[in-house]
Each structure stands twice: as C-alpha cells, then as structure tokens.
Amino acid sequence: MTTALIAPNIAAAQDYTFRLAHVTSDKEPIQQAMQQFADNVAKRTEGRVAIEIFANAMLGSNPEVYEQMRSGAPIITIADPGFLSDFVPDFGVLGGPYLMKDPRDFQKIVNSDLYTDLVDQLRKDGGIELLAMNWFFGARHMIANKPITGPDDIAGMSFRTPENIMWTETFTAMGARPTTLAWAEVYSALGSGVVDGAEAPLPSIYSSKLHEVRPYISLTGHFKGFTGLIMNGDTFAALPADIQTILSEEATSAGVYMTDLMLTSQDDWIAKLESEGATVNRDVDVDAFQAMTDVVYTKFPAWSDGLYGKVRAILDN
C-alpha cells in the first residue's frame, strides 16, 4: 500500500516528495508513527513536502533500501544502531542486550553529548543524516515450541537472527546457535524447522503470525530496540533550513508518540496473541540471561575506549 499524505486545504503541488520505507507490516505501530510524521511534515510545510509510505518491504529489503538511500534517492527509511555501526562503530553499543530496564531511560542517551558526537560522526563519515533515534520498536521476546525460562532451555537451539553481529554475539553468549535469515523468511523457516526459534517485539510476532508455527512466547526482553529515521546526508543538506528543522523535529515527535504507543499497548498485544492460541510465558530468569550476556560488551574492539562505561554512567545518572 502506498499512501500519499498531504494535509487538506493546502496547495497540491509539492516542492519535495520523499518515499518513506520500512519492511514491517502496515498493521504495526511503526506505521502509525510514520503516518503521524508524514502528516505533520505536510501540514507544517504547507504542502511543500509530501511523504509516501511504503510498508511490507515494497521498496525492497533493508539492504536494498539502504543502498538506494545512500546513492542519493529521495528516500527516508528506518535504521537501528546495528546498521549505523557499519559507519560509526560506537553506535553499536546502543543496541546491546539488557542495556536498560526502562525504555524511557534511552532519552538520557539521546540528550547526551555522546549522542551528539555520534550523529556528527555519522554525517561526516557515513554521509547519512540521522533525523531521530528515539523510536522504541519494542522489547524483543523469544518464540519457540516450548517455554523458555532460563539459559538452559535454549542451549543448542537454533535461533533466527538478522544479519547483525550484536544479535549473533548475544545468542552465542546465551548458548544458542544464531542463524541469519531475512525477516520475510522467518515464518517459513520456523514452520519447516530450519530454525527452532525466533525473537521479535510482540506486534511483529502477531502481525507476522509466528505464533501459528511456534506457540510459546517467553518475555525475555533481551533487547530494548530503538530505531530512527535516516536519509542521505547530501539530500538533507540541500533542503531549505526550515524544512530541515521540520523533518528533524517531527521525526523526534513521532518517536515520542511511538514509544508511548509501544509502552502502553503490551498488554493488548499479549491479549491478542493469547486469544489466537499462543501461550505467553512470564516466568523468565532475566537476571540469568543478563549475566550471560554481559560478555557481549567486550566483543567489539572497534568501539572507543571506555564506551560501555560512559553509556552506563549516562543511563545510571
């Protein structure tokens, strides 16, 4: 589905049109946040900027969309710290396991000088403009053919992970066997037994119907996933200053909206999953998983010295 979003009672002609792409379902909260972003940009620019949303990987997989964006195509897309770490390695720490208990604490990082420096480095070294990184995509939980209460339950199990070293290091530390697959392949891989389990936020599990092939969802919350909107740095720099400001401010505002939506809707998603036959396991030894994954933060030699300690100091303040 492609939706051109232009506020009513404004001029129909646009000075700028951007495609806003993501690979997840248009039924998930991220679509609602993108809708708000696009609507508010159209209103505040009085029709000078139109944004068309492409969900369900309509513009291609994440790597394909990133390539288009980096080549200068008028694309805004979603990115997580793992992707950004390809250009600025220190971004990777923001996607680490059990980094924070309360997702709202992530705002402390966004408000820090450390974050400002990372954004500047990304613009300089990666040619990418990070409009916002405060979009809470959700706590990620495990789904399998049995409840997972602690590390012993996943020892030796194959778990689907994205092509992201943070994921593979985390599941290796837990004693599982990470298997890299594209998101579009997860349902069939679970159904055919290519992998034993997967992990994702509850809305993604529900929208992709993973509970149809693996009925047990264990609330491990191993990642508190934040994402954000990015676009080509040169494309952004060529925009008028007022439009630059509006894009950044509305991206941040939509992130606040999405974070609130995700934090207030978990019980609703659990109810939906349980109504369709899923069993949600709340009896998880989170402390044991956290202890096993502490070692992950020592696996990234490209990070700057003392990076994890600096992040911990910001979060614990």
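1. Ten aromatic pairs are present in this structure, which is a predicted model. One of them joins Phe106 and Phe226. Their ring centres lie 4.0 Å apart and their planes meet at 10 degrees, so the pair counts as stacked; the cut-off for stacking is under 30 degrees.

2. The Phe106–Phe226 pair bridges distant parts of the chain. Phe106 belongs to helix 4 (residues 106–110). Phe226 belongs to strand 9 (residues 216–232).

3. A cluster of rings deserves a look. Tyr297, Phe300, Trp303 and Tyr308 are linked into it by ring pairs.

4. The largest nonpolar core holds 83 residues. Within this core, Phe37, Trp135 and Leu229 touch the most other members. Strand 5 (residues 128–144) supplies the largest share, ten residues.

5. Leaving aside residues up to four places away in sequence, Phe37 touches Leu20, Ile51, Ile76, Leu229, Leu247, Glu250, Ala251 and Ala254. Leu229, on that contact list, is also one of the core residues that touch the most other members.

6. Another core, of 19 residues, lies apart from the largest one. Its members include Ile143, Ala198, Ala200 and Ile270.

Terms used: Residues are numbered from 1 along each chain as its sequence is written. This is a predicted model: local features need pLDDT of at least 70, side-chain atom pairs count only at pLDDT 80 or more; totals for chains, interfaces and linings use all residues. Side-chain values use heavy atoms; hydrogens and water are left out. Rings of Phe, Tyr and Trp (its six-membered ring) pair if their centres lie within 6.5 Å; planes under 30 degrees apart count as stacked, over 60 as edge-to-face and the rest as tilted. Helices (H or I, at least four residues) and strands (E, at least two) are DSSP runs, numbered from the N terminus. A nonpolar core is a set of buried Ala, Val, Leu, Ile, Met, Phe, Trp, Tyr and Cys residues joined through side-chain atoms within 4.5 Å. Buried means under 20% relative accessible area, exposed over 50%, partly exposed in between (1.4 Å probe, protein chains only). Contact means heavy atoms within 4.5 Å.
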